[in-house]
Amino acid sequence: MNESRPGPRLELAVGDITTEQVDAIVNAANETLLGGGGVDGAIHRAAGPELLAHCRTLDGCPTGQAKITPGFRLAARWVIHTVGPIWHGGHQGEPKLLASCYRESLARADEVGAHSVAFPAISTGIYGYPAAPAAKIAVATVQSATTDVELIRFICFNNDACAAYEAALSD
Ligand code: AR6
């Protein structure tokens with residue numbers, strides 16, 4: 001780790017994270033790490049059943065933490081599984097837990113030497129975190145992280161998510 005390095009380059013794209021050609025994609029998982037709906041379901045379908053078999057060996061993951069697996073049939077070599085907070089109105093530690101997801105995911109990327117990472121909008125689907133504050137936390141956290149990751153791509157699945165990132169990036 002070299003703290004004099006510039007921070008990662010940030011990119012915004014609309015699309016499906018499962019087709020990203022980066023070293024690692026991040027999965028918005030749940031504490032079981034045994035799959036689910038949303039982006040989690042899409043990643044498991046695209047990676048193949050080997051991913052679930054591997055996840056069964058991991059013993060889950062607490063909210064705010066992250067664990068890494070191979071990408072199996074994905075173009076990405078790695079999947080970083082992080083568990084975002086469920087939105088309960090914002091006063092139950094949700095912002096800190098969400099920031100922790102981004103920091104811990106970058107820490108897992110650094111451990112395996114992944115230099116390009118694609119993130120979905122963690123917690124903003126089934127877990128109900130509002131898109132605008134979530135995007136602000138995503139951008140601010142990766143900008144202030146100490147990491148060797150050189151490229152971070154925020155992948156928006158819909159226009160609302162995209163507008164939230166555009167606003168956060170222009171702050
Ligand atoms: N590529 C990029 N973004 C996507 C994709 C995709 N293929 N599919 C959905 N999104 P969500 P959460 C966006 O619900 O809120 C699962 O069941 C979606 O539009 O996937 O963290 C887990 O197992 C939204 O902006 O994750 C957990 O139980 C964002 O990804 C729970 O959902 C996150 O939405 C986690 O909920």
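The model is predicted, so local features need pLDDT of at least 70 and side-chain atom pairs count only at pLDDT 80 or more, while totals for chains, interfaces and linings use all residues. Residues are numbered from 1 along each chain as its sequence is written, and side-chain values use heavy atoms, with hydrogens and water left out.

Begin by selecting the strands, which, like the helices, are DSSP runs numbered from the N terminus (helices are H or I with at least four residues, strands E with at least two). Here 6 strands form an open sheet with mixed pairing, in the order β1-β6-β5-β2-β4-β3, where two strands pair if DSSP finds at least two bridges between them. At the edges are β1 (9–14) and β3 (66–70), each of which pairs on one side only.

Next, select β6 (residues 151–156), which runs parallel to β5 (residues 116–119) and is joined to that strand by 4 bridges. Phe119 has Phe154 of β6 as its bridge partner. Strand β1 also runs parallel to β6, with 6 bridges between them, and the β6 partner of Leu12 is again Phe154. Is β6 buried or exposed? Of its 6 residues, 6 are buried (under 20% relative accessible area, with exposed over 50% and partly exposed in between, using a 1.4 Å probe and protein chains only). Leu151, Arg153 and Ile155 lie on one side, and Ile152, Phe154 and Cys156 on the other.

To see the contact (heavy atoms within 4.5 Å), select Pro95, Leu98, Ala99, Tyr102, Arg103 and Leu106 of α3 together with Ala134, Ile137, Ala138, Thr141 and Val142 of α4.

Finally, centre the view on Thr141, which lies in helix α4. Thr141 counts as buried because its relative accessibility is 8%. Leaving aside neighbours within four places in sequence, Thr141 is in contact with Ala99, Tyr102 and Arg103.
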